[in-house]
Amino acid sequence: MAGGGGGGGGGGCRRVRGPELRELLDSKRDVLFDCDGVIWNGEAAVAGAPEAVRLLKQRGKRVFFVTNNCTRPRGNYAHKFSRLGFADVSEEDIFSSAYCSAAYLRDVARLSGKVFAIGGHGVLQELRDAGVDVVAEDGAEGPDTSIYDCPLDPDVRAVLVGYDEKFNFMKLAKACCYLRDSECLFVATDPDPWHPLRGGRVTPGSGSLTAALETASSRKATVIGKPSRFMYECIASQFDLDPAQSLMVGDRLETDILFGANCGLSTVLTLTGVSTMEQAQEYKDSESPEKKDFVPDYVVESIADFSEALEDE
């Protein structure tokens, strides 16, 4: 029975396709997809992905997109889905770490002051859309201003760190000063250490920027994105989700698959992104109990396998 697995504690790392994969999909009501490396790579949809999403929705499945990528607001993501050929994907289906971080500060922390935000357009726009008062380091003080004499906003009550291509010493120093106040919240969009780029290059992720601030401030951030449970709880607060009827599909063992395990979901690794079958097998063979949660229940070559399974009837 393919509908088994999930619920944390390490998966079987079993390759599935055809009728067995269809049986798994039929046993679930909700399917959660990561985006980068699963739905698309850069500006190109993964082959067969638009058709897989269409067929799942056609069969009455609810499809959600859960991404640690905080560079875009949800509206921009909706446009990207449309541009890449995905039909009927709305903002309400998309849960990014930027959106969920803003929701956390507004609805859970109930922030009464301002947030000092390190991040790009996606982070700043989602905070503003949520009605959170934002302070951002924009270099307006001039090149001769230093941490010794720069102004600090007395109303800052939280620091949020996300992916920021313009991360610099002044941003780090200001955030560190704000976090000297033990009442100031320290929040990070996601723990991703790096992201692959074309041509074999990589770019540091939000996790590496957060690590710098954790070291400088001697504090630990509350991480919102995968593998934290909060992203699932954010979806569950708006939709009636049952973990036993939900499937998490991702390409990164240490975030997507661990997220599924943490939330009690069945998990599928797709091999079109970061992690490999060999890495999954290493985690499965490891004697470390913590690494068992990095092991997916199932493995597919690509979510194009979903289309084939659903069309084979």
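A residue is called buried when its relative accessible area is under 20%, exposed when over 50%, and partly exposed in between (1.4 Å probe, protein chains only). Helices (H or I, at least four residues) and strands (E, at least two) are DSSP runs, numbered from the N terminus. The model is predicted: local features need pLDDT of at least 70, side-chain atom pairs count only at pLDDT 80 or more, and totals for chains, interfaces and linings use all residues. Residues are numbered from 1 along each chain as its sequence is written, and side-chain values use heavy atoms, with hydrogens and water left out.

**Stop 1: helix α9**

Select residues 253–263, which form helix α9; nine of its eleven residues are buried, so the rest of the structure largely encloses the helix. The buried residues are Leu253, Thr255, Asp256, Ile257, Leu258, Phe259, Gly260, Ala261 and Cys263. Among the elements that cover them are β2 (30–33), β5 (62–67), α8 (230–236), β14 (246–250), β15 and α10 (277–285). Directly after α9, select Gly264, which has a positive phi, near 80°.

**Stop 2: Thr267**

Move on to Thr267 in strand β15 (residues 266–270). Thr267 is buried, with a relative accessible area of 3%. Not counting residues up to four places away in sequence, Thr267 is in contact (heavy atoms within 4.5 Å) with partners including Ile257, Gly260 and Ala261, as well as Val295, Pro296, Asp297 and Tyr298.

**Stop 3: the nonpolar cores**

A nonpolar core is a set of buried Ala, Val, Leu, Ile, Met, Phe, Trp, Tyr and Cys residues joined through side-chain atoms within 4.5 Å. The largest has 35 residues, of which Leu32, Cys100, Leu105, Val115, Leu127 and Phe259 touch the most other members. Helix α4 gives the most to this core, with seven residues. Select Leu32 next: leaving aside neighbours within four places in sequence, its contacts include Phe64, Val66, Tyr232, Ile235 and Phe259. A second, separate core of 34 residues includes Cys35, Val249, Val268 and Tyr298.

**Stop 4: the five-stranded sheet**

Finally, display the open sheet of five strands, with parallel pairing and the order β8-β7-β9-β10-β13. Its edge strands, β8 (134–136) and β13 (222–223), each pair on one side only. Two strands pair if DSSP finds at least two bridges between them. Strands β9 (residues 156–161) and β10 (residues 185–188) are joined in the parallel sense by four bridges; Val159 has Phe186 in β10 as its bridge partner. Helix α4 (residues 97–108) lies across β7 (114–118), β9, β10 and β13, at about 160° to β10. For that angle, axes are lines fitted to C-alpha atoms, for helices over the stretch in contact, and angles run from 0 to 180 degrees between N-to-C directions.
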